[in-house]
Amino acid sequence: MPLPPRVPDLPALDLLLSVIELGSLGRAAEAHGISQPSASSRIRYLEKLVGLPVLERSTLGSRPTPAGALIAEWAGPVVEAARQLGAGIDTLREQRDSRLHVAASQTVAEYLFPKWLVALRTSTPGTTLTLEPGNSATVARAVLEGRAGIGFIESPRAPKGLESRLVARDRLVVVFAPRHPWARRTDISLEELAATPLIQRESGSGTRTSFERAVAARVPGWQPAPLMELSSTTAIKNAAAAGVGPAVLSSLAVSAELASGSLRTTTVTGLDMARSLRAVWPAGQRPAGPARDLYAIARRPVAVAAGS
């Protein structure tokens with residue numbers, strides 16, 4: 001229930017106690033880090049609120065009136081309780097700032113997060129950090145349920161209940177074994193790609209969602225028919241390199257394989273597979289503590305892998 005209207009605020013009560021303890025409005029103002037006119041104004045506000053004078057002022061200093069002494073006696077436990085409340089809040093903030101649980105999509109977790117972690121360790125070395133990798137759907141769920149202080153997804157937009165901000169850009173690329181027929185071509189058509197069964201991530205993956213939305217926007221009536229579904233980017237790369245079939249993956253995830261020649265890629269005419277990687281947190285909130293620091297690090301410009 002609301003406080004009675006004549007209850008002064010804590011700073012005014014705390015200042016009154018200091019004036020009585022130090023015997024001077026000037027010394028009390030100095031102790032509180034405010035000017036003497038500001039201190040006088042605060043005491044006048046208190047007196048107007050309670051409707052009684054609380055201090056007697058003279059050339060020798062200030063002392064409480066009978067009403068002021070009584071108000072100070074009542075205020076003492078209140079101000080002390082407020083100090084204990086503040087100390088408790090500081091402890092909670094220190095506990096929050098000492099650990100951070102992050103949920104991140106596999107692409108972010110494997111190819112961007114290690115660099116972010118090095119920077120975070122430098123800026124906040126006392127933070128204990130845990131990482132929960134998964135697809136974009138599981139990341140969103142971890143943030144919504146409060147298990148993760150911040151999440152990073154590959155989906156084109158944030159799920160309901162979450163806010164998101166762009167932290168990096170990426171591009172999906174078609175990859176296949178060096179002996180695949182596409183390896184001898186400089187490009188393939190969008191229609192040819194749409195008609196080819198691909199090795200895909202599981203449903204809920206940001207990579208798969210981004211690819212399917214990009215194709216569906218250009219090929220009316222297209223329905224995906226994966227060659228197989230695998231929940232690991234590494235498993236997909238290995239299957240594609242072994243010649244099982246083509247796959248669509250992040251350029252971040254296949255830069256090393258493209259450089260070594262174990263995987264090949266080609267241009268898809270008529271299809272833009274650029275995408276955004278996004279940080280997410282509960283709607284109506286903002287990242288705080290080490291989550292805020294990690295978000296700031298993630299937003300720093302980085303070079304996107306070859307093929308973007």
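The expected span of a helix is 1.5 Å times one less than its number of residues; helices (H or I, at least four residues) and strands (E, at least two) are DSSP runs, numbered from the N terminus. This is a predicted model, in which local features need pLDDT of at least 70 and side-chain atom pairs count only at pLDDT 80 or more, while totals for chains, interfaces and linings use all residues. Residues are numbered from 1 along each chain as its sequence is written, and side-chain values use heavy atoms, with hydrogens and water left out.

**Helix α1**

Helix α1 (residues 10-22) has 13 residues and should therefore span 18 Å at 1.5 Å a residue; its end C-alpha atoms are 18 Å apart, which agrees. At the N-terminal end, D9 caps α1, with a side-chain oxygen 2.9 Å from the backbone nitrogen of A12. After α1 comes G23, whose phi is positive, near 80°. Buried residues (under 20% relative accessible area, 1.4 Å probe, protein chains only) in α1 include A12, L13, L16 and V19.

**E257**

E257 lies in helix α11 (residues 251-260). E257 counts as buried because its relative accessibility is 19%. Leaving out residues up to four places away in sequence, E257 touches K237, S262 and L263, where contact means heavy atoms within 4.5 Å.

**Whole chain**

The chain has 12 helices and 13 strands.

| Property of the chain | Value |
|---|---|
| Radius of gyration, over C-alpha atoms | 31 Å |
| Buried residues | 42% of the 308 residues |

A compact globule of 308 residues would have a radius of gyration near 19 Å, by the rule of 2.2 Å times the number of residues to the power 0.38.

Conventions:
Buried means under 20% relative accessible area, exposed over 50%, partly exposed in between (1.4 Å probe, protein chains only). A polar contact is a pair of N or O atoms within 3.5 Å; within protein, one must be able to donate a hydrogen and the other to accept it, and residues adjacent in sequence count only if both atoms are side-chain atoms.
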